[in-house]
Amino acid sequence: MTKILKKKQNSQWLDVWMQFKTHRGAVIGMIVFSIICILVAFGPWFWTLDPNYIDIRAKNQGPSFLHPMGTDQLGRDTFSNLLAGGRVSLLVGVTAMALSVIFGTLVGVISGFFRRLDGPLMRLTDLFLALPLLPLLLVMIMLFRDTLRGLFGPETGIFILIVTAIGLTSWMPIARIVRGDVLAVKEREFVLAARSLGTHNTQMITRHILPNVLSPIMVSATLSVAAAIITESALSFLGLGFPSDFPTWGRLLYDSTNFMKLSPERVIYPGLAISLTVLSVNYIGDGLRDALDPRIRGR
Amino acid sequence: MLKYTIRRLIFTIPVLLFISLVIFLLLDLAPSDPTGNLPMTVPPEVREQIRLALGLGEPMYWRYLMWCNQFFIIEPLNIIEQAWGLCWGECGTRTRVMSWATRSPVVDLIIERTPQTLWVVGMSYVVGIIIAIPIGVISAYRQYSWFDQTGTFIAMVGFSVPTFFTGVLLIVIFSTLVPTDSIFWLPSIYDTTHKVTDWDSFIFQIRQILMPVFVLALYNAAQISRFMRASMLDNLSLDYVRTARAKGMKERVVLLVHVLRNSLIPVVTVLALNIPHVFGGAIITEQVFKVNGLGALLILGIEGADIPLVQTLTFIFAILIVLFNLVADVLYGILDPRIRYD
């Protein structure tokens, strides 16, 4: 008897975690992603070689004890470049995700909650969805690169530009999902109850609507980290991302494609880093979707 | 259905005009100077003259109207006239959209580049569909079997690994590690001037198109097979499947005639919706394999700050998206009688 009672006291998040643990891919993804994050965050403290230190006599070396992943055409250490590049790539992914989630949630909640704004905001969303995103991203970067570089310095300027551009072009699916869920939640009885108690709109949204649409937002947020990392790498790969002395995974991949014949393994490391990160994040998103779905969780 | 289609077609006109305005404003209001790439020795007066010659002296609304006129009226007229050898009024002397970098009409450049993009993108889409549909059907029919598990994993990998890495990886394996005289060696650069005249050149064409098509097809197949599987699963549990089985139909007929046909309906619309994005994604693959198609043209225009070229190409991509959205909606109505809009 006590056992049953005790089991029922599990909080909702514990339940979610229990369900999440049963998804093997998600758990492996979580472990891989954590390892990558820890390596990238703390690695440069232990692997103290400067990624921009040029040692021309040690150029194009294969893997050795001094340089576990070899060196590039200027003798820079590939491993420390990879660690430094990972910081930028992950930071871009997370920041762009935050931007697009905030914007998408805002648009979704407003258009789902206020009927008068629904039409215009959803037409705006449709319009953004009809824009060719990758070409527009490239165009935006070409047009604003020099101005922002002048304003904030070469690295910060490009960072702001890329994050904003990715955020501005990826909020639409989140807005649509959130709007649909808000519309469904709005018709439920507890909202009516809260309304009859005299709850204001702001409180209604923050206390009653948002917590109930949190799960789709979380899933979209996870998946959009992966999408943002891919987009940033693609931009860098097309030569329109960060400057070349500022390593990101996409940039490293782009630079090493010129030396494919000479040192083919240099292409593999950054590509593998991008792919592993994106794959693990996608698996986490997959597991999270299952874990947050109460229809699956009960079983 | 016809009424609905016509209504939607009319509705696309304001949408397209609005998108063209957005693209125009983005390019026009941005702080970039078309003379920025010129040498420092060019004096400011000459720069000003160059800007005037490019038509930048006119007010903004006038330039927008000019561009609309050129894009929506002059260029289509020109294409029609060239195709049928006609001549209406002042043919051949109208001001067309000119590229700043190459000094030639933008539309001619685009027409020149389209076939190679269509070949690579179209082939990869067809190959992707041919791979994806059987995989989706089998994974749904044998849900949670080893085939399904492997298919899910491969789809996840195909979806997550960016095309610029798969492409580069294939080049490393098949173009650099494999010796040049081996039959497995594949060229890493797509030669668009290559003409198929005999058997050997045909084989070469196949070899050079193999890698770009495989890279894009893997990415497409990963997505399509997931859609196919989900759609099959939705249908397999429905009552009509049980009825068909109860009537004593062979399993193959139930699966391939009844269920497959019904589950293809949403997949077909997804296929139509994805076509413009495949064109967008091909920009990267074209860059990897040096295919000089539309994507390469766009990158060229962006690097050279060639505003008319970039504007026109971006807008053509936008037209594709709007058009295929319409196609998907209409197809959905035609294929599924339950969803007729009128």
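**Note on a predicted two-chain model**

1. With 11 C-beta neighbours inside 10 Å, A:Gly150 counts as exposed. A:Gly150 lies in helix H6 of chain A.

2. Residues are numbered from 1 along each chain as its sequence is written, and chains are lettered from A and ligands numbered from 1 in the order in which they are written.

3. Chain A has 14 helices and zero strands. Helices (H or I, at least four residues) and strands (E, at least two) are DSSP runs, numbered from the N terminus. The C-alpha trace of chain A spans about 75 × 55 × 30 Å along its principal axes. Of its 299 residues, 43% count as buried. Among contacts in chain A between residues at least 6 apart in sequence, 70% join residues at least 24 apart. Two residues are in contact if their C-beta atoms, placed from the backbone, lie within 7 Å.

4. How many residues does each chain bring to the contact between A and B? Chain A gives 33 residues and chain B gives 38 residues. On the side of chain A that touches chain B, the elements giving two or more residues are helix H6 (133-152), helix H11 (214-237) and helix H13 (265-292) of chain A. H6(A) gives the most, with 10 residues. The residues on this side of chain A divide into 26 nonpolar, six polar and one charged. Here Ala, Val, Leu, Ile, Met, Phe, Trp, Tyr, Cys and Pro count as nonpolar, Asp, Glu, Lys and Arg as charged, and the others, Gly among them, as polar.

5. Within chain A, helix H5 (residues 115-129) and helix H8 (residues 172-186) pack at an angle of about 145 degrees, with their axes 9 Å apart. Axes are lines fitted to C-alpha atoms, for helices over the stretch in contact, and angles run from 0 to 180 degrees between N-to-C directions. The crossing of H5(A) and H8(A) is left-handed. A crossing is left-handed if the near helix is turned anticlockwise from the far one by less than a right angle, and right-handed if clockwise.

6. In chain B, helix H6 (residues 163-177) packs against helix H7 (residues 199-236) at an angle of about 145 degrees, with the axes 10 Å apart. This crossing of H6(B) and H7(B) is right-handed. Residues of H6(B) in the contact include B:Leu170 and B:Phe174, and those of H7(B) include B:Phe214 and B:Tyr219. The residues of this contact divide into eight nonpolar, three polar and no charged.

7. Helix H1 (residues 2-29) of chain B has 28 residues and reaches 41 Å from its first C-alpha to its last, close to the 40 Å expected at 1.5 Å a residue. That expected span is 1.5 Å times one less than the number of residues. The buried residues of H1(B) are B:Ile19, B:Ser20 and B:Ile23. They pack against helix H3 (60-84) and helix H11 (307-335) of chain B.

How values were computed
Predicted model: local features only at pLDDT ≥ 70, side-chain atom pairs only at ≥ 80, totals over all residues. Buried ≥ 20, exposed ≤ 12 C-beta atoms within 10 Å, placed from the backbone.
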